Amino acid sequence: MEAEDRFAATLRSWTAAFDVPYRLDETGRKRIPQLPTAAYDPSWACTQLDRWAGNRLILVDDEHPVSSGLVMASEDEAPPVTP
């Protein structure tokens, strides 16, 4: 419950960002992403996490220690909707 309270505002903003993934800056000319970087390029994020874990986890013998169990959604699939 404490974690839900602590991160509720962040989760609400991420949920809203699925509908509006960018906002314009003060000048109205530059798009500012509303989601974490990994949401825009999940393959890159997985590669970075795999490298990080591979360099730090001594007992793990897996080429993809983080992403091996992930299933990538196709771009046509809608993101999950949470109330």
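## Leu 49, a residue in helix H3

Leu 49 is partly exposed, since its relative accessible area is 42%; that label covers values between buried (under 20%) and exposed (over 50%), using a 1.4 Å probe and protein chains only. You'll find Leu 49 in helix H3, which runs over residues 42-56. Its C-alpha atom is 7.8 Å from that of Ser 67, a residue 18 positions away along the chain.

Keep in mind that this is a predicted model, where local features need pLDDT of at least 70 and side-chain atom pairs count only at pLDDT 80 or more, while totals for chains, interfaces and linings use all residues. Residues are numbered from 1 along each chain as its sequence is written, and side-chain values use heavy atoms, with hydrogens and water left out.

## The chain as a whole

Three helices and two strands make up the secondary structure, in the order α-β-β-α-α along the sequence. Helices (H or I, at least four residues) and strands (E, at least two) are DSSP runs, numbered from the N terminus.

The chain has 83 residues, and 10% of them count as buried. Take the contacts (heavy atoms within 4.5 Å) with a separation of 6 or more: 13% of these come from residues 24 or more positions apart.

Helix H1 covers residues 2-19, 18 residues in total. From first C-alpha to last it reaches 27 Å, close to the 26 Å expected; the expected span is 1.5 Å times one less than the number of residues.

H1 also has a kink of about 55 degrees, centred on Ala 8. The bend at a residue is the angle between axes fitted to the seven residues ending there and the seven starting there.

## Asp 25, between the strands

Now for the loop between strand E1 (22-24) and strand E2 (31-33), where Asp 25 sits. Asp 25 is buried but has no salt bridge, meaning a side-chain nitrogen of Lys or Arg within 4 Å of a carboxyl oxygen of Asp or Glu. The nearest side chain of opposite charge belongs to Lys 30, 6.1 Å away; Lys and Arg count as positive and Asp and Glu as negative, with His and the chain ends not counted.

What does the side chain of Asp 25 reach? Setting aside neighbours within four places in sequence, Asp 25 is in contact with Lys 30 and Ile 32.

## Asp 62, after H3

Asp 62 lies in the segment following H3 and is partly exposed, because its relative accessibility is 35%.
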